[in-house]
Amino acid sequence: MCGIVGYIGHQAAGPILLEGLQRLEYRGYDSSGIAVVDRDGALAVLKRQGKLRDLQAAITEMPAGAAGIGHTRWATHGEPSDRNAHPHASSAGDVIVVQNGIVENYRELKAELQETLDTEGRTWQSDTDTEVIPELISRELAMGRSFEAALAYAIGRLNGANAIAAVHRTDPGRIYAARTGSAGGIVIGYGEGEMFIASDLPALLPHTTTVYHLDDGDIATITADDLRVRRSDHASIRPEPRQVDLDPVAIARGPYRHFMLKEIHEQPRALSDTIRGRARLDPASALPDDLSISDETLRSIDRVLVIGMGTSLHAAMIGRWWMEQIAGIPADFDNASEFRFRAPLLGPSTLVVAVTQSGETIDTLGAMKHVRDRWGAPQVVITNVEGSEATRQADASIIMRCGPEVGVASTKTFVGSLAALYLLACRIGRVQGRLSDDDLSTRLEQLLTAPSLVDRGIQRGERCAEIAQRFGSAANFLVLGRGIEHPLAMEAALKCKEISYVHAEGYAAGEMKHGPIALLDQDFPVIALAPRGPLFDKMTSAIQQVSARRAPVIAIGDEGDEELIDLVDHFIGIPPAPPLLTPFSLTPVIQLLAYHIALARGLDIDQPRNLAKTVTVE
Ligand code: F6R
């Protein structure tokens, strides 16, 4: 979603803001802009629809000034256009704001502010909800309030989750940031005689690793060498910064053509790091040190509900299998955005597991809040971002150690969340006495083979490229899987949609004959996930039914599986895996297929259209 940057210091702000925005491009956007004020209060606001390069091309002269804010916009209210791009100024031109989030009551606020605008003979400059924010602040300033007080007032009037950065034209010695609700983070970075604002760490890393994350309700007043924060209880503090342990190299593309390809290749490492120290064999234990939910609580639960969105929802579906088959406990999964509005019967004996790589997805956070407010059920979050909002809401966190994921499509964080779910299932099974020491040891030994399964799957890249060349122009794909491979069929279809813009449906193979089979003909390729396992024969029956309709079948199955090879038109071999571990061997192949189809179609793989990396609006 929208990206925010800010700078104040001894250098020219413009180039630093543009560079920061470049590092936030991965979040997904459709327009961008910067505002810079110089010492004399001269203001330059430059904004453009399109890519950052369109903005850069439009800048004939870099504005002077050592304070400013910048933004990449992902349109919610008002189409992507120059006019709707941020920053937005108050009608008096004194307050300039960028925002991430939605002002849910903007109509009401616009109506309230209309009178002032009419009196002054001014009009709204955009179709956005954002514009009410600088207008509210400006009105309060005109009544003699300080900027900080005016900003606090404005924030208090907004419904919805919002993150904001602002500058005051007549006071170029300060920039401001504020956060209300879960609209994605705001991080303040400390430099030498300069300070930075960003929605996410990658924008700061080239400059500093000393940071402070704003909390919900915080209002930050930032000068070139100081940060003061007014908390939601009105207390004013000088916060303690912390060091982040992130290497700028982790967010560089290196020799890879795309971040997505780099991150697919990083999966074995991401998995090993996530598992390290959490799968002990002698004596066998899973997640021994880092689960702050007591064994007593885990012993008392009689059900697990796993929730998430998108790729994280597919991980949740696989998690359900492991909860049932490894932990031996009744389990379910749910789409977080739907779950919030249902009235399921939970209670303190249901453990809710939220999966969210970013830890900031608004639908998942909303579902977690719903669980806490309504049932008080214990919650564990599985996330890649330490300190994210989800970690603050949950009773316990399992942090994947995948390193920053820059490509919009989730890849390495998918396998990272799978590893965490598997470990959690092992821990629950052991604590509840359903897994003996030996069983636990066997399960964990199997998990330890996951990095190598993924690695061997990655080696099939060339074969995936061949298949992509052959089918790159297909208009549709049906992806079939059974059992634990069904969620992977859905994940394969999601990857095709988001990266390759191909219409694809992931189906449980048994469901195919109940409708989708009507679509099939020689122009409708079917991808069959068919590793050997308990449902292999049922999968081959489905394949026969597809072939009988002359639809070309691309099977992904165990290396050297002659029976399958004879049955299908095209074959991609993956390493044989124990039945519950096939998600690890299949995942890199389904990702690489979508990647190569997108490549064959010449698409923008790391920044697919309309998508955002962190979805902070409903
Ligand atoms: C797909 C993808 C999205 C996310 C979804 C949830 O590749 O990236 O579908 O999986 O937006 O995001 P998180 O995991 O951050 O909650």
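Mentor: Start with the cavities. Searching the whole structure turns up three cavities of 30 Å³ or more. Keep in mind that this is a predicted model.

Take the largest cavity. It holds about 90 Å³ of space. Its lining has 15 residues, and the closest to its centre are Cys 2, Trp 74, Thr 76, His 86 and Gly 101. Which strand gives the most to this lining? Strand E6, residues 95-101, does, with three residues. Now sort the lining of the largest cavity by class. Eight residues are polar, five are nonpolar and two are charged.

Move to the second largest cavity. Its volume is about 50 Å³. Three elements, strand E1 (3-8), helix H1 (13-23) and strand E10 (195-198), each supply at least two residues of its lining.

Next, look at helix H7. Why is this helix, residues 267-275, described as largely enclosed by the rest of the structure? Because seven of its nine residues are buried. Buried here means under 20% relative accessible area. The buried residues of H7 are Gln 267, Pro 268, Ala 270, Leu 271, Asp 273, Thr 274 and Ile 275.

What covers the buried residues of H7? Several elements do, including helix H6 (259-265) and strand E16 (279-281). The cover also includes helix H13 (412-431), helix H14 (437-448), helix H15 (450-458) and helix H20 (582-600). After H7 comes Gly 277. Its phi is positive, near 75°.

Last, find Gln 114. This residue lies in helix H3, residues 106-120. Is Gln 114 buried, partly exposed or exposed? Its relative accessible area is 28%, so Gln 114 is partly exposed. Partly exposed covers values between the buried limit of under 20% and the exposed limit of over 50%. Now set Gln 114 against Arg 276. The two are 162 residues apart along the chain. Their C-alpha atoms are separated by 59 Å.

How values were computed. Residues numbered from 1 in each chain as written. Predicted model: local features only at pLDDT ≥ 70, side-chain atom pairs only at ≥ 80, totals over all residues. Heavy atoms only, no water. 1 Å grid on protein atoms, 1.4 Å probe; cavity = no way out; pocket = protein on both sides within 12 Å on 5 of 7 lines; lining within 4 Å. Points joined across faces, edges and corners; volume = space filled by probe spheres on them. Helix = DSSP H or I, 4+ residues; strand = E, 2+ residues; numbered from the N terminus. Nonpolar A, V, L, I, M, F, W, Y, C, P; charged D, E, K, R; others polar. Buried < 20%, exposed > 50% of the residue type's maximum accessible area, 1.4 Å probe, protein only. Contact = heavy atoms within 4.5 Å.
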